[in-house]
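Visitor: Hi, could you walk me through this one? I'd like to hear about the metal and the ligand.

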Amino acid sequence: MFKRPLSDYNEFQKVLNQAQNIVALTGAGVSAESGIPVFRGPGGLWRTHRATDLATPQAFKANPALVWEFYHYRREVAFNSQPNKAHIALAKYEKICQEQGRKFSVITQNVDGLHKRAGSKNVLELHGCLQQVICTKCKIIEMNVNNPICEALRGRGFGIIDPSKKDQDLPIIQVKELPKCSKCQALVRPYIVWFGENLDPDVLDNARELVETCDLCLVIGTSSVVYPAAMFAPTVAERGKPVAEFNLSEDPFDEEFSFHFSGPCGTTLPKALGIDL
Ligand code: BV8
Ligand code: ZN
């Protein structure tokens, strides 16, 4: 008979209070209650495209304007969203750990920037962020939170289009109208790791170091299908360290996880961390 992961908050808090080096690994589900659509399931569509088909270098090469419309939409949604109770609980718990000389880190797959806006300091953004762009030519990376990022994208962000209208009904945006590098005027792209692209080696090394040294891992709001992030929590469990999963799903992603709290993490996470919001 499988030992089912516990969903006992008191048991979890005994483990939490002993932990000296905690890692919180988050995915799109931690931002769902801020109104940011998740990747898989109903939110995974943008107009008639699957988000995962647009988040690739091939899509950007083939149709930079369409990919920029998709990221303009994602920027608009993210910049107009607020951190929710799950983000805030993580930021508050990091402060508590700091005061107690304990280590607390967030490794996020999300690109919306909400952990930092909630006040989390120790954040690794595995897949980049919507607030930065990188030049396709001179490779400089710049913060750019202008919305719209260029005049041609104004009003083009709407995500849900009525099925009768297709992309081609909209005037085509020429590449020369797309966002430019402030240094060399070449086309810039979102500073995001797309499917088929390598993660920043330093970010990946730091993440792996945390996964190899932590004594507790919280895995929050992720379907754990995207690599290498999908391997982090199972690796902690294989080290014999406790993993606590917070997800809407009833069933744990991995039977080796010690705890599984099902429900919206805006509710389950503050309760588990003992943070009253
Ligand atoms: C790479 C930026 C080397 C884009 C993203 C090994 C095996 C198989 C495939 C591969 C492999 N290695 C590499 C691959 C290919 C690929 C991959 O993993 N593909 C998958 C689809 C099989 N990986 C890569 O390409 C990575 N690069 O490994 O480089 C390499 C290079 C070439 C060839 C091989 C190897 C780069 C991956 C990065 C892609 N970029 N994001 C953008 O955001 O626009 S990934 C994107 O999807 C997100 O960032 C996130 O990381 C990812 C997964 O999404 P989730 O966060 O999990 O969200 P999802 O919607 O799936 O699930 C939401 C969850 O929340 C659900 O479980 C739901 O129940 C829960 N939930 C919802 N609401 C709530 C909630 N839980 C609690 N409370 C709620 N309220
Ligand atoms: Zn440049």
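**Zinc site and ligand**

Guide: Happy to. Let's begin with C135, which is buried, with a relative accessible area of 1%. Keep in mind that this is a predicted model.

Visitor: OK, and which residues coordinate the zinc ion (ligand 2)?

Guide: C135, C138, C181 and C184 do, each through its SG atom, at 2.3 Å.

Visitor: What geometry does the site of the zinc ion have?

Guide: The site is tetrahedral, and the angles among the four donor atoms run from 99 to 121 degrees.

Visitor: How are the donors spaced along the chain?

Guide: They follow C-x2-C-x42-C-x2-C. C135 sits in strand β6 (residues 128-135), while C184 is in the loop between β7 (141-143) and β8 (188-192). The pair is 49 residues apart and links distant parts of the chain.

Visitor: Is C184 buried or partly exposed?

Guide: C184 is partly exposed, with a relative accessible area of 27%. That value lies between the 20% and 50% cut-offs, so C184 counts as neither buried nor exposed.

Visitor: Switching topic: how many residues surround ligand 1?

Guide: There are 35 of them, and the closest are Y71, R74, G196, S223 and N247.

Visitor: Which backbone atoms come up there?

Guide: A backbone N or O atom of A28 is 2.8 Å from an oxygen atom of ligand 1. A polar backbone atom of V193 lies 2.8 Å from a nitrogen atom of the ligand, and for L248 a polar backbone atom is 3.5 Å from a ligand nitrogen.

Visitor: And how much of ligand 1 does the protein bury?

Guide: The protein buries 75% of the 1,500 Å² that ligand 1 exposes when taken alone.

Conventions: Residues numbered from 1 in each chain as written. Chains lettered and ligands numbered in written order. Predicted model: local features only at pLDDT ≥ 70, side-chain atom pairs only at ≥ 80, totals over all residues. Heavy atoms only, no water. Donors = N, O, S within 2.8 Å, 3.2 Å for Na, K, Ca; no water. Tetrahedral: all angles 85-135°; square planar, octahedral: opposite > 155°, others 65-115°. Helix = DSSP H or I, 4+ residues; strand = E, 2+ residues; numbered from the N terminus. Buried < 20%, exposed > 50% of the residue type's maximum accessible area, 1.4 Å probe, protein only. Near = heavy atom within 4 Å. Polar contact = N/O pair within 3.5 Å; in protein donor to acceptor, adjacent residues only side chain to side chain. Areas by Shrake-Rupley, 256 points an atom, 1.4 Å probe, with all protein chains shown as cover.
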